[in-house]
Amino acid sequence: MDLIQLAQAHLNPSTVDKISDYLNESTPHTAVGLNAALPAILGGFIEKATTPQGLSLISDVLQKERIDSGLSEWSTSIKTVLDIQKLISRGSPIVETLFNGQTGNLINRIASIADISHTSSSSLLSIAASVLTYLIGKEDSTPSGLFRLFTNQKESVLAALPAGLTHFFTFSQPTGFVTEKAQTPVAEASKSSNSWLLWLLLLLAIIAGIYFFKSCTTETEKEAGISKETQPESVTTLDTMVIVHKKLSTGVDLSFGEASIENQLIQFIEDEALKVDKTTWFNFRKLTFKSGSNEIDSTSMEEVRNIYEIMQAYPEVHLKIGGYTDNTGSAETNLKLSQERARNVQIALEKMGISSSRLDAEGYGQEHPIASNETQEGRDQNRRIAVRVTRK
């Protein structure tokens with residue numbers, strides 16, 4: 001079960017439209033804000049769940065919501081302004097409970113990512129908190145049940161968390177659990193006539209517990225791209241994939257694949273031996289557009305936000321954005337579509353804060369294919385957006 005996907009299903013396009021109207025924000029920007037708020041809130045729950053005290057606090061919050069807000073009867077549909085206001089009112093104290101003194105910084109960051117007002121950012125966090133609290137409350141709300149639930153959500157949170165929000169979370173090793181569980185067998189062992197056997201079982205249980213928590217910690221560090229050495233940059237192997245963790249000069253932490261556009265672009269920028277030319281392009285790998293449209297899919301903005309962060313950290317860098325298509329349809333139509341898509345990526349970066357003087361965009365249509373157009377796989381590769389460094 002993926003709580004983020006469940007929450008996104010509740011916050012369907014019709015609901016997002018209503019929320020954007022209420023906040024007086026554009027629907028795409030509202031969608032970006034919600035897609036940032038959901039993993040941030042769930043990450044806050046997971047962070048709290050690393051201690052017995054935190055789990056108990058979350059359990060109390062869920063119980064309080066059931067009593068005060070009728071959580072068990074909460075409607076998943078938003079029909080009126082009052083419904084939105086109720087969600088914001090319920091979620092606001094939950095956000096504060098999860099993040100304490102970091103709430104303001106989180107609001108500011110999401111406002112910047114989604115290009116929305118701070119008030120709207122705060123409201124979206126509260127809405128996300130309400131929806132996720134409702135979904136969590138439907139599961140086993142005992143401390144042990146919550147611990148299992150949140151442990152299974154870490155991977156999806158790390159995958160959905162936008163660049164620039166990762167530093168709010170450490171997902172540290174759970175503490176205080178092994179000791180508490182070990183106390184009961186000790187007491188029982190003293191009462192048993194077969195004490196040596198119980199002591200042996202206890203020892204095995206402790207060893208298994210230590211192994212389990214070390215495994216959890218190691219896996220979490222790998223998923224987050226965290227190195228135990230305090231270096232600005234590290235590489236961690238995750239199965240067959242290599243995750244690069246890069247701390248930019250602006251203080252922002254980015255995590256991306258070794259073969260990603262982000263890693264290739266940074267290496268090119270930092271390597272003085274690599275000179276600017278007109279043939280070195282770096283392809284987006286996750287950026288998608290709505291079918292047959294020039295509109296960027298709001299759920300695929302992560303790479304664009306990462307490019308924004310990279311340009312912020314390297315202010316001398318200028319980029320050209322290129323748009324490409326396959327050879328399906330007329331060359332004229334493909335050229336126009338590729339130009340519009342490239343231009344929309346440029347506009348997205350400008351809205352985030354990059355000066356237009358540092359950006360250029362051009363569509364090349366079906367020219368310069370990188371794979372055969374005879375296969376579906378090849379056509380998929382040819383429909384792409386790429387960037388080229390024009391100054392560094």
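Predicted model: local features only at pLDDT ≥ 70, side-chain atom pairs only at ≥ 80, totals over all residues.
How many salt bridges does the count come to by the rule I used? I took a salt bridge to be a side-chain nitrogen of Lys or Arg within 4 Å of a carboxyl oxygen of Asp or Glu, and by this rule the count comes to 9 salt bridges.

**Ground rules**

Residues are numbered from 1 along each chain as its sequence is written, and side-chain values use heavy atoms, with hydrogens and water left out.

**Entry on salt bridges**

I looked up Asp 326 and found that it forms a salt bridge with Arg 383, the closest N and O atoms being 2.5 Å apart. Asp 326 lies in the loop between strand S5 (318–324) and helix H14 (331–352), and Arg 383 in the loop between helix H15 (376–382) and strand S7 (384–391), so the pair ties together parts that are 57 residues apart in sequence.

I then asked how far each partner is open to the outside, using buried for under 20% relative accessible area, exposed for over 50% and partly exposed for what lies in between (1.4 Å probe, protein chains only). Asp 326 counts as buried at 5% relative accessibility, whereas Arg 383 is partly exposed at 36%.

Next I turned to helix H14, where Glu 340 and Lys 336 are 4 residues apart and thus separated by about one helical turn. Their side chains meet in a salt bridge of 2.5 Å, N to O. Glu 340 counts as partly exposed at 25% relative accessibility, while Lys 336 is exposed, with a relative accessible area of 53%. Going back to Arg 383, I saw that salt bridges with shared partners join Asp 326, Asp 380 and Arg 383 into one network.

I also recorded the pair Glu 295 and Lys 290, whose side chains meet in a salt bridge at 3.3 Å, N to O. Glu 295 counts as partly exposed at 33% relative accessibility, and Lys 290 counts as partly exposed at 41%.

**Entry on Thr 30**

Is Thr 30 buried or exposed? I found Thr 30 in helix H3 (residues 27–48), and it is buried, with a relative accessible area of 1%. Its side chain reaches the backbone oxygen of Ser 26 at 2.9 Å. Taking contact to mean heavy atoms within 4.5 Å, and leaving aside neighbours within four places in sequence, I listed Val 16, Ile 19, Ser 20, Glu 25 and Leu 124 as the residues in contact with Thr 30.

**Entry on the second largest pocket**

I worked on a 1 Å grid over the protein atoms alone, where a cavity is a set of points at which a 1.4 Å probe fits but cannot get out, a pocket is an open set with protein on both sides within 12 Å along at least five of seven lines, and lining residues have an atom within 4 Å of a point. Grid points are joined across faces, edges and corners, and a volume is the space filled by probe spheres set on the points.

The second largest pocket has a volume of about 720 Å³. It is lined by 30 residues, of which Pro 28, His 29, Val 32, Ile 296 and Ser 298 lie nearest its centre. Helix H2 (13–23), H3, H6 and H14 each supply at least two residues of this lining, and H3 gives the most, with 8 residues. I sorted the lining into 15 nonpolar, 10 polar and 5 charged residues, counting Ala, Val, Leu, Ile, Met, Phe, Trp, Tyr, Cys and Pro as nonpolar, Asp, Glu, Lys and Arg as charged, and the others, Gly among them, as polar.

**Entry on the cavities**

The count comes to 3 cavities of 30 Å³ or more, and the second largest cavity has a volume of about 60 Å³. I noted Arg 109, Ser 112, Arg 305 and Glu 309 among the residues that line this cavity. Helix H6 (103–114) and helix H13 (302–313) each supply at least two residues of its lining, which divides into 4 nonpolar, 1 polar and 3 charged residues.

Technical notes: Polar contact = N/O pair within 3.5 Å; in protein donor to acceptor, adjacent residues only side chain to side chain.
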